[in-house]
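Dear colleague,

Please find below the structure that I am handing over to you. My findings follow directly after it.

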Amino acid sequence: MITQWFKPANNNHWADWFLKEHHRFTITGLSRSGKSTLFTSLMTMLKYRSEGGYQCLPLLEYLPAELVEHMWVEPVDGFEMFPLENHMQALAEQRWPSPTEDVYGFKVVVRLRQTHGVKKHLLPYTDVVFEFIDYPGEWLTDLPMLTKSFAQWSDSAWAQQMNRPQRDYAQPWHDAVAEFDFDQPPEPDAVAALVGQYRDYLLNAKKNGITLLQPGSFLLGDTGFDWRAHGFTPLPSSVSSDITHPWTKVFDKHYRYFQKHWLTPLKNKTFRQADKQIILIDLFEGLNHSKQHLYQLKETLSYLAEVFSYGESGWFSRTILRQQGISKVAFVAAKSDLLPAAYHDDLLRLLKQVTEGAVARIQDKPVHYEHFLVSALQATDPGSTSTSLRYRGTSRQYIEAEFEPLPEAISAMSAQEHFPVLPAQVPDDYLPRILNGRGLDRLLQFLLGDHHE
Ligand SMILES: Nc1nc2c(ncn2[C@@H]2O[C@H](COP(=O)(O)OP(=O)(O)OP(=O)(O)O)[C@@H](O)[C@H]2O)c(=O)[nH]1
Ligand SMILES: [Mg+2]
């Protein structure tokens with residue numbers, strides 16, 4: 001047994017580690033994909049179910065209720081506590097939780113009863129700890145910038161804006177660059193003017209359903225990176241290819257500052273390595289816009305899969321060095337309540353297509369993955385036919401909507417085709433809806449189940 005050769009004496013840190021079993025979940029979700037709502041539902045479920053004697057715990061298969069002595073939620077060291085009350089208050093006022101502007105954490109600690117006398121003597125308790133981190137989705141897509149130089153990033157950002165659908169929103173920015181005088185010195189005012197133009201493009205693209213927005217960190221208020229002092233934009237290759245050009249020099253410097261003082265700490269803290277990954281995906285935004293948006297989402301997801309390290313590492317690095325690769329990945333289509341159950345198979349098929357590129361990157365690694373449909377809060381009801389739904393509209397009227405089948409494949413969509421997303425508001429009885437939700441159980445069971453052998 002481990003403790004026989006490794007002496008935890010005088011070292012609470014290690015003793016602590018052996019008494020605890022840690023599950024670190026990382027939720028990889030683009031902006032507005034439903035992370036905060038998912039956490040709100042999960043915490044609410046755990047809270048109510050623990051008060052009800054742990055019956056129907058989402059962790060039921062893994063941790064039978066009779067083994068659970070006590071369960072509680074606490075902050076994660078170094079993180080603000082996830083603002084569950086604020087989010088519940090928003091729901092009570094029929095508002096969805098506000099977009100997240102900073103990072104928050106919470107952990108669920110499950111203390112197990114000891115059933116064997118000997119074990120009880122050696123290990124007075126065993127805690128199973130689940131850690132979750134919530135963050136603004138805008139931060140996520142910046143991570144791939146860590147491994148690129150300014151010139152590489154600038155070229156790839158420029159190339160992306162030349163493709164549809166980005167190109168459709170980039171015209172004012174491209175016009176501004178065409179007219180911009182790069183012979184003027186990069187004084188703070190001139191830099192601010194160019195960064196301002198670029199941010200306008202990012203904001204406009206975001207409003208129109210684009211997911212690859214770099215740097216997304218420039219889109220948030222004062223909680224994020226100080227883009228006013230250290231901003232940069234992609235530059236036309238005629239400028240960026242000249243490393244002696246004053247604009248290239250300044251942006252290169254700001255870019256390195258961004259990597260060192262923003263991205264690196266962000267990766268180490270917020271995106272530190274976890275062993276289970278939930279990739280939360282909103283397909284409705286893409287469907288709402290166009291097939292090009294869905295292709296763009298697919299590209300973003302595949303690009304993101306490069307950032308995380310996959311595969312189980314050995315016992316030594318896992319336990320002693322506390323390093324591990326991600327061993328389980330759940331690809332999750334969020335907000336599935338926005339589509340009648342009759343079309344859920346279509347949604348799953350679309351999810352599989354959109355994640356093909358990301359799957360290709362993990363396929364030959366020792367990683368278990370599965371695709372899921374989840375709704376954190378079922379905001380709709382079945383309609384009068386199997387292909388319709390009822391929901392509360394923007395002025396809280398109760399409306400029925402009829403749905404067309406989803407396309408067989410993204411490629412089967414015509415260029416103009418799009419599927420309007422249901423503007424479903426928070427229902428009055430949000431609490432029983434959260435508590436009765438079942439999609440999360442299956443997801444957690446997959447993530448916790450043992451696939452090692
Ligand atoms: N119908 C339905 N809508 C949902 C659900 N979850 C989220 N939404 C909608 O999606 C929006 C975004 O959800 P959030 O949970 O705030 O998304 P997020 O990933 O935390 O977004 P950022 O904080 O901006 O990164 C919400 O405002 C809701 O309109 C769900 O389970 N069902
Ligand atoms: Mg959020």
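A residue counts as buried when its relative accessible area is under 20%. Please keep in mind that this is a predicted model. By that cut-off S36 is buried, because its relative accessible area is 8%. T100 is buried as well, with a relative accessibility of 14%.

These two residues belong to a metal site. The magnesium ion (ligand 2) is coordinated by S36 through OG and by T100 through OG1, at 2.0 to 2.1 Å. The pair joins distant parts of the chain: S36 is in helix α3 (residues 35-51), while T100 is in the loop between α4 (84-92) and β4 (104-112), 64 residues apart.

I then turned to the aromatic rings. A search of the whole structure gives 32 aromatic pairs.

F225 lies in the loop between α9 (188-207) and α10 (227-230), 37 residues from W262. F225 is buried, as is W262.

Finally, two charged side chains deserve mention. K35 lies over the face of Y135, 5.4 Å from the ring centre. The charged end of R199 sits over the ring of W227, at 3.9 Å from its centre.

Yours sincerely

Note on methods. Residues numbered from 1 in each chain as written. Chains lettered and ligands numbered in written order. Predicted model: local features only at pLDDT ≥ 70, side-chain atom pairs only at ≥ 80, totals over all residues. Heavy atoms only, no water. Donors = N, O, S within 2.8 Å, 3.2 Å for Na, K, Ca; no water. Helix = DSSP H or I, 4+ residues; strand = E, 2+ residues; numbered from the N terminus. Buried < 20%, exposed > 50% of the residue type's maximum accessible area, 1.4 Å probe, protein only. Phe/Tyr/Trp six-rings, centres within 6.5 Å; stacked < 30°, edge-to-face > 60°. Lys NZ or Arg CZ within 6 Å of the ring centre and 35° of its normal.
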